[in-house]
Amino acid sequence: MRWIVRRESGIHNMTEGSALRHIVWFTLPLLAGNFLQQFYNMVDSWVVGNYVSDAALAAVGVGFPVIFLFTSLFSGIATGGTVVIAQAFGAWKPERVRHAIDSLYTAFVRSILPITIIALLLVSPLMTVLRVDPAAWAETRTYLLVVCAGLIGNIGYNLNAGILNGVGNSSTTLLFLMVSTVLNILLDLLLVLAFSMGVLGVALGTVIAQACSWLFGIWYINYPQLAIHPFSGFFDRKLFAEIIRIGLPSGIQMSLVALGAMFVLSKVNSFGKAFTAGFNVGNKLDTLAFLPTQSMAAAVISFVGQNRSEERRVGKECRSR
């Protein structure tokens, strides 16, 4: 795998050199990217809050934990993919990296349609559970239906980011988010201000921006042994079971966080749409405070994954002498 590290910018072998330097330099682009992601979520709230209505702002607030719930499982699987890819990369096993990527995308292609259908069917029941204010019901339902229909872009981006994190590349993930952020802001302003589409425009802007970021990632990630082939059909059951073993606990943990947020939101919603709108704004600020820790944790996952494999490889070489 050394020839990949030397040839392609952005990919880093973190088994050599200063541990602190690797972690810090890996964390910084992730942190910038997470801030960008929160920024365009805040732009959604700013646009609907200033140019649509409190009901639309409440709808965007309700959408966050619901979408997080639907994407948390695949986010956990992406984390498992990061670990497996990092271990294979650190052990200089390009074929295993290739098989992990193909298996991840095959599972994604086969499951995204059922997940999307389930999400769409659960929109109305979840709104009832969340006790959405009747005055915000129509806007919330519209927003949730659109963003649930576009889950493919959100989940696909997370998979691309997981693959890149495994090979120590966080700068390219930042590039994907920059594309998504700029496009989302432009679409929000165009669809809401120019075409007066209200909350529908904000939802469409988010979905289109995420889909473009995901597709741009598929086109851009063309490194040797790392190029994404969504319809390769290759699926290594044993390797994917390893990814699930590592990633499923993380996915379940994130699902529980989403359910907890939904429980709190249900109580807030019972006070009316104005309280929901205010909670949405406060929640955005609270999320910003957590981003440094979240980014550092992702960097440590990739670093440990690569070095754990390196230690195994060196140990085997020593024992064989």
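Let's start with contacts, meaning heavy atoms within 4.5 Å. In the protein chain, residues 24 or more positions apart account for 84% of the contacts with a separation of 6 or more.

Some ground rules. This is a predicted model, where local features need pLDDT of at least 70, side-chain atom pairs count only at pLDDT 80 or more, and totals for chains, interfaces and linings use all residues. Residues are numbered from 1 along each chain as its sequence is written, and side-chain values use heavy atoms, leaving out hydrogens and water.

Now the overall picture. The protein chain has 10 helices and 0 strands. Both are DSSP runs numbered from the N terminus: helices are H or I with at least four residues, strands are E with at least two. From the N terminus on, the elements read α-α-α-α-α-α-α-α-α-α. The radius of gyration is 20 Å, close to the 20 Å that the globule rule gives for 321 residues, so the chain is as compact as a globular protein of that length. That radius is taken over C-alpha atoms, and the rule is 2.2 Å times the number of residues to the power 0.38. The C-alpha trace spans about 75 × 30 × 30 Å along its principal axes.

How much of the chain is buried? Buried residues make up 53% of the 321 residues. Buried means under 20% relative accessible area, exposed means over 50%, and partly exposed lies in between, with a 1.4 Å probe and protein chains only.

Next, helix packing. Two packed helices are described by the angle between their axes and the distance between the axes. Here, axes are lines fitted to C-alpha atoms, for helices over the stretch in contact, and angles run from 0 to 180 degrees between N-to-C directions.

Take helix α3, residues 54-90, and helix α6, residues 151-166. They pack at about 20°, with axes 7 Å apart. That makes α3 roughly parallel to α6. The cut-offs: under 35 degrees is roughly parallel, over 145 roughly antiparallel, 65 to 115 roughly perpendicular, and the rest oblique. The residues of this contact divide into 11 nonpolar, 8 polar and no charged. Nonpolar covers Ala, Val, Leu, Ile, Met, Phe, Trp, Tyr, Cys and Pro; charged covers Asp, Glu, Lys and Arg; the others, Gly among them, are polar.

Which residues of α3 meet α6? Among them are Ile-67, Thr-71 and Phe-74. Phe-74 is buried, with a relative accessible area of 6%. Leaving aside neighbours within four places in sequence, its contacts include Phe-108, Ile-115, Ile-155 and Leu-159.

On the α6 side sits Asn-154. Asn-154 is buried too, at 16% relative accessible area. Beyond four places in sequence, Asn-154 is in contact with Ile-67, Thr-71 and Gln-210.

Now α4, residues 94-129. The axes of α4 and α6 come within 10 Å and cross at roughly 155°. That makes α4 roughly antiparallel to α6. By class, their contact has 12 nonpolar, 3 polar and no charged residues. Phe-108 and Ile-115 are among the α4 residues here, and Ile-155 and Leu-159 among those of α6.

Last stop: Gly-33, in helix α2, residues 19-51. Is Gly-33 buried or exposed? At 1% relative accessibility, Gly-33 counts as buried. Gly-33 touches Leu-174 and Leu-177, not counting residues up to four places away in sequence. The C-alpha atoms of Gly-33 and Phe-176 are separated by 8.7 Å, though the two are 143 residues apart along the chain.
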